[in-house]
Amino acid sequence: ITNMPIKRYADHLHKAGELQAYMQLLVDSFNVSTVDHLMCRTLVSVGHDGQMYDCDFNMALDMASRGGGGEASGAPQLPRPSGTILDISS
């Protein structure tokens, strides 16, 4: 997942005609034993505007967290966010 091409790198690979080959390399190199140690299973990222993301990769892609998903993956269940981190009262 750390080698997932996003934004400029994905554009570069596409323009060079190498995107499909690179994606196949990622698929062929997948190691299931690393999944339990992914940071995106337990990390919450917060954008400059207070929007919550379930992974920094999703923050880079502007894909805000919609909550849920914890039970199936074994990750802790987080409450569904409503609004941004700035809306949470202490």
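This report describes the predicted model of a single chain, from its overall make-up to selected residues.

**Basis of the model**

Because the model is predicted, local features need a pLDDT of at least 70 and side-chain atom pairs count only at pLDDT 80 or more, whereas totals for chains, interfaces and linings use all residues. Residues are numbered from 1 along each chain as its sequence is written, and side-chain values use heavy atoms, with hydrogens and water left out.

**Overall make-up and confidence**

Four helices and two strands make up the secondary structure of the chain; helices (H or I, at least four residues) and strands (E, at least two) are DSSP runs, numbered from the N terminus. Along the sequence they follow the pattern α-α-β-β-α-α. Of the 90 residues, 18% count as buried, where buried means under 20% relative accessible area, exposed over 50%, and partly exposed in between (1.4 Å probe, protein chains only). The accessible surface of the chain is about 7,000 Å², and carbon and sulfur atoms hold 56% of this surface; such areas come from the Shrake-Rupley method with a 1.4 Å probe, and for residues only the protein chains shown count as cover. Among contacts in the chain with a separation of 6 or more, 31% join residues 24 or more positions apart, a contact being heavy atoms within 4.5 Å.

The mean pLDDT of the chain is 75, and 70% of the residues score at least 70; pLDDT is the predictor's confidence in each residue, from 0 to 100. Among the elements, H2 has the highest mean pLDDT (92) and helix H4 (residues 70-73) the lowest (40). The pLDDT is below 50 over residues 68-75, a stretch with 11 contacts in the model beyond near neighbours in sequence.

The structure holds one aromatic pair. The ring centres of Tyr9 and Tyr22 are 5.5 Å apart and their planes stand at 90°, so the pair is edge-to-face; rings of Phe, Tyr and Trp (its six-membered ring) pair if their centres lie within 6.5 Å, with planes under 30 degrees apart counted as stacked, over 60 as edge-to-face and the rest as tilted. This pair links distant parts of the chain, with Tyr9 in helix H1 and Tyr22 in helix H2 (residues 19-29), 13 residues apart. Helix H1 (residues 7-15) also includes Lys7, which has a positive phi of about 50° although it is not a glycine.

The side chain of Ser45 reaches the backbone nitrogen of Asp56 at 3.4 Å. Beyond its neighbours within four places in sequence, Ser45 is in contact with Gln51, Met52, Tyr53, Cys55, Asp56 and Met59.

Met59 lies in helix H3 (residues 56-60). Not counting residues up to four places away in sequence, Met59 touches Ser45, Val46, Gly47 and Tyr53. The C-alpha atoms of Met59 and Val46 are separated by 7.9 Å, with the two residues 13 apart along the chain. For Val46 and Asp56, which are 10 residues apart along the chain, the C-alpha separation is 8.5 Å.

The table gives the accessibility of residues discussed above.

| Residue | Relative accessible area | Class |
|---|---|---|
| Tyr9 | 38% | partly exposed |
| Tyr22 | 16% | buried |
| Ser45 | 8% | buried |
| Val46 | 39% | partly exposed |
| Met59 | 32% | partly exposed |

How values were computed. A polar contact is a pair of N or O atoms within 3.5 Å; within protein, one must be able to donate a hydrogen and the other to accept it, and residues adjacent in sequence count only if both atoms are side-chain atoms.
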